[in-house]
Amino acid sequence: MKLKDYNSKRNFNKSNEPIGKVKNKKNKKLKFVIQHHISRKEHYDLRLEWDGVYISFAVPKGPSFNPKDKRLAIMVEDHPLSYGNFEGTIPKGEYGGGIVMLWDKGYWAPHKEYKPNFDKGPIKFTLKGNRLKGSWTLVKFKKNNWLLIKEVDDYISNTKKISEFTTSIKSGRTMKEIKNKLNPLKLNISNPDKLIFKKEKITKKDIVNYYNLVSKKMMPFLDNRLISTVRAPNGLNKSIFYMKHFNNNKNLGKKVVNSNDDKSDYYYIKNEQGIIDEVQMNSYEFHIWGSKQNSINYPDILVFDLDPDDNLNISEVRDGVANLKSILDKLKLKSYLKTSGGKGYHIYVPLDTSSWKKTEKIAKDIANLMVENNPNKYTTNMRKQKRKGKIFIDYFRNKKGATSVCPYSLRLKKGATISCPIYWKELYTIKPNDITIKNIKDRLKKDPWKNFFTAKKSS
Ligand code: MN
């Protein structure tokens, strides 16, 4: 009967919170736990073990280290002792929907002169936690409303704030990281905590979460396209470029491609799970062909990669990209812009041509036109020596077998950047390496390449 309230407020088919059962244990030591809870209103839940349950208080401002503060503590329904291990998310719309972080735990003991009376109070007690220590008092003033006050002892402070502690004592995660945690039903990641980007503190799990977030947006660009990936099982600086050594799996398709005297196996991703499977195998960067495997000799994407020399400033790069766009506009070729994640920008044009030769010629002619108009600024010469102070217009990706970075692919580059579709109007406000795995989330509401495959193609 004790946890009736607790159980009736929750739908355990939807929430991962533990089902309430009273558990009287023999151990005399009483546990306490504090959970930081971001729901409709942010608060800290103080739970004190008593008679086989946690007597619980929601403390809107959380406990204070300063004896002068009187913190409102609202008594809520008793919680089961198993709740003391709970950390995670509660679905939106459910009771307490939001994020729960294990903020502190340890033992508590009522002061000797008191037999705690949770109907009336006051209750004086000592906490032995990781973050909270020393004596406190709970005073009831009306109905379920109590005050939580720090007693004067060795642990008081008028400068220390509980907001200084932003990570879980259980998992070390921040609220944001708890929120981003994968639905465990979906997938078990191997080595989830392995740091792939050391300096940026990005783990394999972060990368899996990212691809889960963008897989739907990426899929149209991967659909039936042969891929190569960059794998980095040992992190950023030890990456390996893979062309074809993919694992056979139902989410990947295999295609044998004949070229001159060579016969090679290539792979393509069949569905969103295929992306995640590849990430699971440590493929973190995805590169795509310009044609589809089922019409392999008919490229449908034209790609330009504007790659500036190191000491060129960004405004020159942007002018170069704008210049290329104006040429494409004149030719009535609708073009789309994305950041490279490195120093330059990529321009894609959806196209229908009858051969690779034709596509390559169009790309080459446009690139050469730019060089002719401005030979001091542009070059199509790949050699580093010839590129000094210039923008290299890389049109060489328009050949059978060549690849370009897939939209929304993570780059194995400093900062964990993304090759991200942007609007043309953003050319002068977004730098090629501005969008990263850490800040892309808000952008995903936008879809700058929305009509890429549906708009009428040029041919
Ligand atoms: Mn709560």
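First, some ground rules. This is a predicted model, in which local features need pLDDT of at least 70 and side-chain atom pairs count only at pLDDT 80 or more, while totals for chains, interfaces and linings use all residues. Residues are numbered from 1 along each chain as its sequence is written. Helices (H or I, at least four residues) and strands (E, at least two) are DSSP runs, numbered from the N terminus.

Now α5 itself. It has 17 residues and reaches 25 Å from its first C-alpha to its last, close to the 24 Å expected at 1.5 Å a residue. The expected span is 1.5 Å times one less than the number of residues. The buried residues of α5 are Val-317, Gly-320, Val-321 and Leu-324. They lie on the same side of α5, because they cover an arc of only 95° around the axis. That arc is taken from the directions from the helix axis to the C-beta atoms. On the other side of α5, Ser-315, Ser-326, Asp-329 and Lys-330 are exposed. For these words, a residue is buried if 20 or more other C-beta atoms lie within 10 Å of its own, exposed if 12 or fewer, and partly exposed in between, with C-beta atoms placed from the backbone. The buried residues of α5 pack against β17, β19 (345-350), α6, β20 and β21.

Next, α6. This helix, residues 356-373, has 18 residues and reaches 26 Å from first C-alpha to last, close to the 26 Å expected. Its buried residues include Thr-359, Glu-360, Ala-363, Ile-366, Ala-367 and Met-370. An arc of only 135° around the axis holds them, which puts them on the same side of α6. Glu-372 and Asn-373, on the other side of α6, are exposed. The cover over the buried residues of α6 includes β17 (301-308), α5 (314-330), β20 (378-379) and β21 (391-394).

How do α5 and α6 pack, at what angle and how far apart? The angle is about 125°, and their axes are 11 Å apart. Axes are lines fitted to C-alpha atoms, for helices over the stretch in contact, and angles run from 0 to 180 degrees between N-to-C directions. The two helices, α5 and α6, are therefore oblique to each other. Angles under 35 degrees count as roughly parallel, over 145 as roughly antiparallel, 65 to 115 as roughly perpendicular and the rest as oblique. In this pair, Asn-323, Leu-324 and Ile-327 of α5 meet Ile-366, Leu-369 and Met-370 of α6. Residues are in contact if their C-beta atoms, placed from the backbone, lie within 7 Å.

A second pair is α3 (residues 204-222) and α4 (residues 272-280), whose axes come within 8 Å and cross at roughly 135°. So α3 and α4 are oblique to each other too. Among the α3 residues that meet α4 are Ile-207, Tyr-211 and Met-218, and on the α4 side they include Ile-275 and Val-279.

Arg-71 lies in strand β4 (residues 70-80) and is buried, with 22 other C-beta atoms within 10 Å. Leaving aside neighbours within four places in sequence, Arg-71 is in contact with Val-59, Lys-61, Pro-63, Ser-64, Leu-147 and Leu-148. Asn-249 lies in the loop between β13 (240-242) and β14 (252-259) and is partly exposed, with 16 other C-beta atoms within 10 Å.

Terms used. Two residues are in contact if their C-beta atoms, placed from the backbone, lie within 7 Å.
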